2 protein chains.
Amino acid sequence: MKETSDPQPEEKSGKSLLKELAIKLGVTQREAKKFDIPVLVIIGAMDATEKGRLLNQVLLEIDSRSFKVYSTHASHTEPRRYPLLHRFWNHTPLKGHIQFYDRGPYYLVLDTWAEGKLHEDKLGRYWEDIINFERQLSDSGVQIVKIFLTVPKKEQAKRLKKLESNPATSWRVTPKDWRRHRQYRPFLEAARRMMDATDQPHATWHEIDTEDFKTALIEVYHRIIDKLENAVKAAKEKKASAKRTGESKPWIPYKGRNYLSEVRFPKPMERATYKRTLKERQETIHELAHQIHSREVPVIAVFCGWDAAGKGGCIKRLVQSIDPRGYDVVPIAAPTKLELSHHYLWRFWKEMPPQGKITIFDRSWYGRVLVERVEGLCENEEWQRAYQEINEMETHLHRFGTVLIKFWLHIDKDTQLERFKARQENPLKQWKITEEDWRNREKWDRYEESVNEMIEKTNTPYAPWNIVPSKCKMRARIQVLDTVIQAISPAIKKAKKPAL
Amino acid sequence: MKETSDPQPEEKSGKSLLKELAIKLGVTQREAKKFDIPVLVIIGAMDATEKGRLLNQVLLEIDSRSFKVYSTHASHTEPRRYPLLHRFWNHTPLKGHIQFYDRGPYYLVLDTWAEGKLHEDKLGRYWEDIINFERQLSDSGVQIVKIFLTVPKKEQAKRLKKLESNPATSWRVTPKDWRRHRQYRPFLEAARRMMDATDQPHATWHEIDTEDFKTALIEVYHRIIDKLENAVKAAKEKKASAKRTGESKPWIPYKGRNYLSEVRFPKPMERATYKRTLKERQETIHELAHQIHSREVPVIAVFCGWDAAGKGGCIKRLVQSIDPRGYDVVPIAAPTKLELSHHYLWRFWKEMPPQGKITIFDRSWYGRVLVERVEGLCENEEWQRAYQEINEMETHLHRFGTVLIKFWLHIDKDTQLERFKARQENPLKQWKITEEDWRNREKWDRYEESVNEMIEKTNTPYAPWNIVPSKCKMRARIQVLDTVIQAISPAIKKAKKPAL
C-alpha cells in the first residue's frame, strides 16, 4: 500500500538548518573522537569562492582541541625544498582529530601547471603520488573528504571587483587573481580532469558551487557529517565483531629467494690498506658532500643490519669528513605514543632531507617488515601492505631527485655471538648490549626470512639494496663508502630540480 | 717533607691523548645520560676556524642517539619571521641529550652588527635576552658549555686562500668572508666584549685558538668533559641527599592585593545590542586581521579563566571573522612525556606566531603558576621563579614587535555552579564537564590566591592583564573583542620590523 498520509516535513529556514547541522557536526565529531577516528578534509578551490568564510563557519562547532588547519601557500619557498608530499605528511591527522587542508596538494600541482611551469603530460604522475598518499592514509583508518569549491565566472569577477573597491581589502586581489580569472575555463576544465583522475572509492570528490553561500555551507556540512557518521557506524560494528585480543598472529613464512645465503665473506682487509683507502675515500666524500650542497641534491642513506653488524662504525666513517651542517644522523628507536597515533611512515617523513642535505637513518621504515613483523607488533595485513607503501614512498622521493642508498650489513650467527661476548667483556662497550639483543638472536631464522622477503620486494632500480658482507669491519666500511661514492657521483652530474 | 720522588708522567703523544679524551667523552656522556642530564654546547666562531672538522671529531665517540646539531645560518629567512630565541628554544636539549649549536644566537647578533644592520648600542638588549635564556635553561638543570673559536689573522687569510685555490672548495669562500677578514680586529674585539658581557657562573665562555688543530680539539674535549663530570658528581650527591618522595609541598600563601575581589559585574547586555555590536566588532576585526597580515605584525592572545567562564565562546567570536590562514588556536592540555623532558616553556615557544599571524592560546604558560602550583605538579621554587621567566619571555616577544593580549575571564563561585549544573543537564554539553572540573572547584580559594599573585607579578605595561567580568557571556565577548581591537590598532600603525 502506497503511503500517502506522510506529513510534509516542515520546511526549515536556512538559518535553523545551518544551526542544526553545525551542532550535528560537533556531536558527530565528538563521537568519532571516542572511536579514535582520524579525519582529513581537503578543500581545494578556485579564487573568490569565500573559502575562508566557509571554513570558519565549519570550524565553529568543533572543539578547538580536535582540529587543525594547514594552509598551503604556493608562494612559500621553504617547503619547496622538500618533495611535494613532505609537508602534507607532516600535517596528517592524529587519531580522533580532524585535519583540514586549506587548498592542499592538488592545488599546488594545478597552480604550477596554470603558471606554465609544469607540462600537462606531467600532471598524471603527481595525481598518482597523491592518490597513493590518500590510499595509504585510508588503509590506516583515516577518513578522507575532498571538496572543490567553484564559482560562476561572472560572480568571480564581481567578487574580485568588490574586494578591489574596498581600500581595506584591495591588496588581496593580485594580478595573478585576474590572470587566473581570464583562464577561468581552462582552469576549471583542468580541475575537473584532476577530479576525474583522482576520484577514489575511499576519497571521492565533491564539487560545490559557492554562488549561494548558505547552500554551499550546507553541502559542506553534509559531506563531512556523512563521512563521520559512516565511520562511526563502521567502528561500532567492528567493535562488536572484534577479534579476541591477545590472539597470537600466525607466522606467514617466506619461501622465495634466499639472498642472505648467497653472501660470500671475502678475506679480511689488511689494516694498512684499510687506513690508506679510508683516507682516500673520505677525501672524496668530503668533496662530494660539498657538491651535494651546492647542486642542492637530497641524499638518503639507510643502514639496516643484524645487531652488532657494525652499523654505528660505518656511519661514523661515512660522516667523519662531512661538514656537520651537511648531514643529519637519525637514530630510529621504538615509536613514541605520539608517533603511534599517526600512520607509521609519518615519523620518517618528518626526517626526510631537503635539497642539499644528507640524512642517514640508523635503522628505518624497514622496521615495519622486520622487527614489527617478527615480534607481532603490527597486524599481518599491515606489514604485508608495507612493501608497496615503502616502494611508493621511495618512488616519490626518487622523482623529486633524492638519491636513495640502502644497506643491509650482513654477518653470520657465529660472528654475532663472538661480538656479543666481546661487548659484554669490554667495560667501554657493555652499554651497547642489552637483553633485547639476546632475545632478537633467538629469532634469527624468522628475521632471516623477513630480510630476504624485504630484499625481494623492495629492491628497485631507483633504490636498490646493497648487502654488505661485514665479518671484516674494515672491508665493510670501505664498501659502504664506495657504494655511497658510486651512487652520488652520477646524481650530482645530472642534478636537475623538479617543478615541485 | 717535600715530595721529590714523584715519577714524571709519561708525555702522551697528541694522538693517544686525543683517543683517550674521545673515549672519556663517550663514557662520561653515557653516565650523564643515566642521570638524565641535558647539555647545551654553543660553538661560536670566526671564519676559517675549522669548526666543522672540530665538531665532527667531537661527535665521533658520542652515541648518535644522544646528540643533535643545530646549525645557524644567517642567510635563512624563514626563522627571521620569529623572535631570535624561537629557533633556539625549538632546539633545546632533551634530558640525557647533548644539543650542539653550530654558531648559535650570539653569532646571529654579531653577524647582524658586523653587516651594519644593528647599532652597537642595541647589542646589550640581545645579550640580556640570551643570558636570560641560558639562566632559565640552567635553572631547569641544563649544563651549558660556551666556546668561541678564533684564529690569528694571518692564518685566517692563509686558510681562505687555500680554500679558494681548490676548485672543489672555492665556492665556499664568499665576498662576505673576505669582508669579515678585513674587519678582523673590530670583529674580534666585539666578540670579546660580547663574551665579557655574557659570561655567567653557570655558562662561562672559553675562547679557543685554532691555529693548531689538535691543541684546540683537546681543549674542546676538556671543556665538555669537565662540565659533564661536574654535573654527574652533583647529580650523585643530590641523589644521596634526596628528599623523601611523596612529601607534600607546603602551601605558600599570597597576602597581596586581591584583584579578583575588586571585580564588579555589570548588568547583562541586551541580546539585540549584543547582536548588533558583535557584528560591528567582527567586521573591524576582519579588517584588522588583514592588516596584521600585510603589515606583518605577530599577535598573541592568551585566554585564562575559571572553568565554565566562557573561554571557548569568546575565542569562537574572536576568530569567526578572521581568514583561517591568519590565525591558529592552540589548546593547552596536560604536557606529554616529550614536553616534560624539556623546559616547561618549550612547548609554548614552539607555537609562537611568526610575523603576520595571530596565535590564540586556550590556556597557556600561566598554568605553571596556577594549576601546577595548586596541584603541586612542580616544586615550589619552580613556580616561584616562573613569574620572572614568563616576564622575560614576554619582554623578548614584545621587543620583537609581538602584540600580547592577556585575558582572565572572571565569574563568581555561584555562577560556576549554575553553569556546571546546566552542562550536566544538557546532552550536547555534557562532554564539557568532567570530574576534574568538580575537583578544581573544591580548591577555589587556592586558585584565587594564585590568580591574584599571577596578576600582581606579571601585569606589565607591554603585556597587561585584562580581567573580564564574565557573568554575562555576551558582555564578556564584546569586551574581549574591544580589548583586541584597542591593542592591535596602534600596533599596526607603528609596525616596524626589528633587525632580528
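Two residues are taken to be in contact if their C-beta atoms, placed from the backbone, lie within 7 Å. Helices (H or I, at least four residues) and strands (E, at least two) are DSSP runs, numbered from the N terminus. Axes are lines fitted to C-alpha atoms, for helices over the stretch in contact, and angles run from 0 to 180 degrees between N-to-C directions.

## Model and numbering

This is a predicted model, in which local features need pLDDT of at least 70 and side-chain atom pairs count only at pLDDT 80 or more, while totals for chains, interfaces and linings use all residues. Residues are numbered from 1 along each chain as its sequence is written, and chains are lettered from A and ligands numbered from 1 in the order in which they are written.

## Sheet of chain B and its helices

Chain B has an open sheet of five strands in the order β7-β8-β6-β9-β10, with parallel pairing; two strands pair if DSSP finds at least two bridges between them. At the edges stand β7 and β10 (465-469) of chain B, each of which pairs on one side only. Direction ignored, neighbouring strands of this sheet are turned by 20 degrees against each other on average. Within the sheet, β6 (residues 299-305) and β8 (residues 358-362) of chain B pair in the parallel sense over five bridges, and Ile300(B) stands opposite Thr359(B) in β8(B).

Helix α19 (residues 473-493) of chain B lies across β6, β9 (403-410) and β10 of chain B and runs at about 165 degrees to β9(B). The helix α19(B) also packs with α10(B), at an angle of about 30 degrees and with the axes 10 Å apart. α10(B) and α19(B) are therefore roughly parallel to each other; angles under 35 degrees count as roughly parallel, over 145 as roughly antiparallel, 65 to 115 as roughly perpendicular and the rest as oblique. Their crossing is left-handed, a term used if the near helix is turned anticlockwise from the far one by less than a right angle, with right-handed used if clockwise. Residues making the contact include Leu278(B), Ile285(B) and Leu288(B) of α10(B) and Leu481(B), Ile485(B) and Ile488(B) of α19(B). By class, the contact of α10(B) with α19(B) divides into 12 nonpolar, four polar and four charged residues. Here Ala, Val, Leu, Ile, Met, Phe, Trp, Tyr, Cys and Pro count as nonpolar, Asp, Glu, Lys and Arg as charged, and the others, Gly among them, as polar.

## Sheet of chain A

In chain A, five strands form an open sheet in the order β2-β3-β1-β4-β5, and the pairing is parallel. The edge positions belong to β2 (67-71) and β5 (205-209) of chain A; each has a single partner strand, so one side of each is left without a neighbour in the sheet. From one strand to the next the twist averages 20 degrees.

Strand β4 (residues 143-150) of chain A is joined to β5(A) by five bridges, and the two run parallel. Leu149(A) has Ile208(A) in β5(A) as its bridge partner. Helix α9 (residues 213-240) of chain A packs on the sheet, where it touches β1 (39-45), β4 and β5 of chain A, and its direction makes about 170 degrees with that of β4(A).

## Antiparallel helix pairs

In chain A, the axes of α6 (residues 153-165) and α7 (residues 175-182) come within 11 Å and cross at roughly 165 degrees. The two helices, α6(A) and α7(A), are therefore roughly antiparallel to each other, and α6(A) passes α7(A) in a left-handed crossing. On the α6(A) side the contact involves Gln156(A), Ala157(A) and Leu160(A), which meet Asp177(A), Trp178(A) and His181(A) in α7(A). This contact of α6(A) with α7(A) has three nonpolar, two polar and one charged residues.

In chain B, α4 (residues 105-114) and α5 (residues 120-139) have axes that come within 11 Å and cross at roughly 170 degrees. That makes α4(B) roughly antiparallel to α5(B). Pro105(B), Tyr106(B), Val109(B) and Trp113(B) of α4(B) make the contact with Glu120(B), Leu123(B), Tyr126(B) and Ile130(B) of α5(B). The contact of α4(B) with α5(B) has seven nonpolar, no polar and one charged residues.

Chain B and chain A each give 37 residues to the contact between them. Among the elements that give two or more residues on the side of chain B are α1 (14-34), α10 (271-295) and α11 (311-319) of chain B. The largest share of that side, four residues, comes from α11(B). The residues on the side of chain B that touches chain A divide into 16 nonpolar, 10 polar and 11 charged.

The same surface serves both copies, as 100% of the contact residues of chain B recur in chain A.
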